[in-house]
Amino acid sequence: MTTLTLQDLPAFRNEPLTDFHDPANRQAMSDALAKVQAELGRRYPMMIGGQEIYLDETEDSINPARPWEVVGVFPKGGVEHVNMAVDAAWQAFQTWQYTPADQRAKYLVDAAAEMRRRKHEFSAWMIFEAGKSWAEADADTAECIDFMEYYARQMLRLAQPVELAPFDGEEDRLEYIPLGVGAIIPPWNFPAAIPGGMSAAALVTGNAIVLKPAPATPTIAWHFHRLMTEVGIPAGVFNLITGPGALLGDALVDHPKTRFIAFTGSVPTGLRIHERAAKVHPGQLWIKRTVLEMGGKDAVLVDETADLDEAAKGIVASAFGFQGQKCSAGSRAIIHEAVYDSLVDKILHEAQKLTVGDPAEPSTAMGPVIDERAYEKVRHYINLGKHEGKLLLGGETYGPGYFIEPTIFADVAPNAKIAQDEIFGPVLAIIKAKDWEDMLRVANGTMYGLTGAVFSKDETRLEDAARRYHVGNLYLNRKCTGAMVGVHPFGGFNMSGTDSKTGGPDYLLHFTQAKSIARKVVPEKAVASAQG
């Protein structure tokens, strides 16, 4: 395999988003949708140690816009398949860990190039399986490409010699070595970017992994796995299992050969993983590491000096992008009382522009929520919100797909359920604040600390927010969603997780351990004397 160096690669740049106003790009996406639609409903295997595993008992992945349409049929794996996958990964790790860092990085660069070539095809799978609009799916695919390109470069940097203090009589070095076998447990809301990013980080640092995709979006994960296999990742290094989430997840976390768990999802599940990972099982030789990215109840703050038109656009984009199904979604708007009424009118005007419908249509801004369970959960919070605030817009749901209108409640109390709970749907709670201190108090008044935004022309307040708004990702005079790999390292505080800072320069360290090596050097005079 050809040696790869940082000098061989151009400086990292984020993958450009597709301009679908260009007729050629629209046609390319339409062609990809037709290609993918022709493949809907096929059976897929689990991939363990390079072997395809089919089972008689299966589960269907469905299109949330058309629940009668099966996207893929997957094996309903059990604990025995977890054990097989971990054992396969452990065996592969014995050699994979010694694969030179530049070769591992080259796999990611090659995979990124291939995904770039098939960009619209990956996006089309997300439109069908996750209910993403064209723009949201395209951004997800671009982010997955970015993760692979960025982590390849970061691994090449991490493999370079570390500057240590000189010490007479010794040659000293520090190396970052892999951990072992990892469990990758991603969510369904970024079905290419998050499993792709976590898997790429773990693989490029020399670990072997078992990916358990979210039951709602296994098809995209399967195609990502196939992509990595096509570029040459050895059998057993990257394994994929499917089946009941809790059953397989617990077995992966508990397995004594599992060295680390990378998880993105809800707070209850993340805390369950954290607790179970702390238990040492017979035969386990290490303290397991957890990398946890969890929820958010993110807020956009607008003071009386702000550009209200820009603030309204930022609030609507933050609240309703991908139907509010982002941990970074701005589901609270905290507005200074002096501009409250004016801004609420502008928010309503922006939200009324959104089109809800089949995400396969290019004009659709909002598709369905992911499944029936999410649909019922959001309906529950909308009904609750009718008692906790003033319904200004939406609140209607309709089928047969899992469609929910953008819903806005005003005059919501800071401690209301719809202002505290992560709804994970298109529901915005608007809260009136009396002054800047009140705005910050309300913003920090949840158990979360993931993202936040502030719209203000007051430089003193913007700097104060940078100090006192306790979130992992703070955005000033822009929306609170849309973190870019390499630009906005992503991860939050408090119950939002372990501040993993995915897409940042420190992320790969989560998947490595540092080894210090010191060698005594015999002075040349002593060597000559001994030889004499």
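## Close-up views of a predicted model

**View 1. The whole chain.** The protein chain folds into 16 helices and 21 strands (DSSP runs numbered from the N terminus, with helices being H or I of at least four residues and strands being E of at least two). Its radius of gyration is 25 Å, close to the 24 Å that the globule rule gives for 532 residues, so the chain is as compact as a globular protein of that length. That radius is taken over C-alpha atoms, and the globule rule is 2.2 Å times the number of residues to the power 0.38. Along the principal axes, the C-alpha atoms fill a box of roughly 95 × 60 × 50 Å. Buried residues account for 57% of the 532 residues; buried means under 20% relative accessible area, exposed over 50%, and partly exposed in between, with a 1.4 Å probe and protein chains only. A word on reading these views: this is a predicted model, in which local features need pLDDT of at least 70 and side-chain atom pairs count only at pLDDT 80 or more, while totals for chains, interfaces and linings use all residues. Residues are numbered from 1 along each chain as its sequence is written, and side-chain values use heavy atoms, with hydrogens and water left out.

**View 2. Strand 12 and its two partners.** Let us start with strand 12 (residues 299-302), where Ala299 and Leu301 point one way, Val300 and Val302 point the other way, and all are buried. Strand 12 runs parallel to strand 13 (residues 332-336), joined by 4 bridges, and Leu301 has Ile334 as its bridge partner there. Strand 19 (residues 451-455) also runs parallel to strand 12, again with 4 bridges, and here Val300 stands opposite Ala453. Strands count as paired if DSSP finds at least two bridges between them.

View 3. Strand 12, helix 10 (residues 308-320) and strand 13 build a right-handed β-α-β unit; right-handed means that, with the strands pointing away from the viewer, the path from the first strand over the helix to the second runs clockwise. Lys326 forms a salt bridge with Glu136, with the closest N and O atoms 3.3 Å apart. This pair links distant parts of the chain, 190 residues apart: Lys326 sits in the loop between helix 10 and strand 13, and Glu136 in helix 5 (residues 134-158). Lys326 counts as buried because its relative accessibility is 11%, and Glu136 does so at 15%.

View 4. The structure holds 35 salt bridges, each a side-chain nitrogen of Lys or Arg within 4 Å of a carboxyl oxygen of Asp or Glu. In helix 14 (residues 436-443), Arg441 and Asp438 are 3 residues apart and so separated by about one helical turn; their side chains meet at 2.5 Å, N to O. Arg441 is exposed at 53% relative accessible area, whereas Asp438 is buried at 10%. Lys417 and Asp421 form another salt bridge, with the closest N and O atoms 3.0 Å apart. A network of salt bridges links Lys35, Glu39, Glu114, Arg117, Arg118, Glu121, Arg226 and Glu230.

View 5. Met495 lies in the loop between strand 20 (473-476) and strand 21 (512-520), and counts as partly exposed at 32% relative accessibility.
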